[in-house]
Amino acid sequence: MTIVETILALALVMLILRLSGFVLAGVTLPGEIEAVIRFVPVATLAALIVTSFSSGGNAAGPRLIALLVGGVAGWRTRKVWVCLVTGLASYGLLAAIGWH
């Protein structure tokens, strides 16, 4: 398969996935599936964090501090957006002062 064929196949899959949202808009899912879908954002965030730490690099210290700050803020407020904003802000501040 050439690169052009691969890109076209991926574009087709993406189109089908996007259209399925319109087609299935009125469908009621079973409770078990809805319960699983509720955890997709949290699982995605966890996967991004684990990938960030496993990639190595010199920024493990600031990343860990930002993770702890964001984790505590998210735990205290129970809001994912607070976790993201405080974690990103603390990492940005640490990067701004030159700690990499």
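In this structure, Arg78 lies in the loop between helix 4 and helix 5, where helices are DSSP runs of H or I with at least four residues, numbered from the N terminus. This is a predicted model, in which local features need pLDDT of at least 70 and side-chain atom pairs count only at pLDDT 80 or more, while totals for chains, interfaces and linings use all residues. Residues are numbered from 1 along each chain as its sequence is written, and side-chain values use heavy atoms, with hydrogens and water left out.

- Although Arg78 is not a glycine, its phi is positive, at about 60°.
- Arg78 has a relative accessible area of 66% and is therefore exposed (buried means under 20%, exposed over 50%, and partly exposed in between, with a 1.4 Å probe and protein chains only).
- The axes of helix 4 (residues 60–77) and helix 5 (residues 80–96) come within 7 Å and cross at roughly 150°, which makes helix 4 roughly antiparallel to helix 5 (a term for angles over 145 degrees).
- Axes here are lines fitted to C-alpha atoms, for helices over the stretch in contact, and angles run from 0 to 180 degrees between N-to-C directions.

**The nonpolar surface patch**

- A nonpolar patch on the surface, with about 1,200 Å² of accessible area together, is formed by residues including Leu12, Phe22, Ile33 and Val40.
- Patch residues have over 30% relative accessible area and no salt bridge, and nonpolar side chains (Val, Leu, Ile, Met, Phe, Trp, Tyr) are joined within 5 Å, like charges within 9 Å.
- A salt bridge is a side-chain nitrogen of Lys or Arg within 4 Å of a carboxyl oxygen of Asp or Glu.
- Helix 1 gives the most to this patch, with six residues.
- Ile33 is found in helix 2 and is partly exposed, with a relative accessible area of 40%.

How values were computed:
Areas by Shrake-Rupley, 256 points an atom, 1.4 Å probe, with all protein chains shown as cover. Helix = DSSP H or I, 4+ residues; strand = E, 2+ residues; numbered from the N terminus. Parallel < 35°, antiparallel > 145°, perpendicular 65-115°, else oblique.
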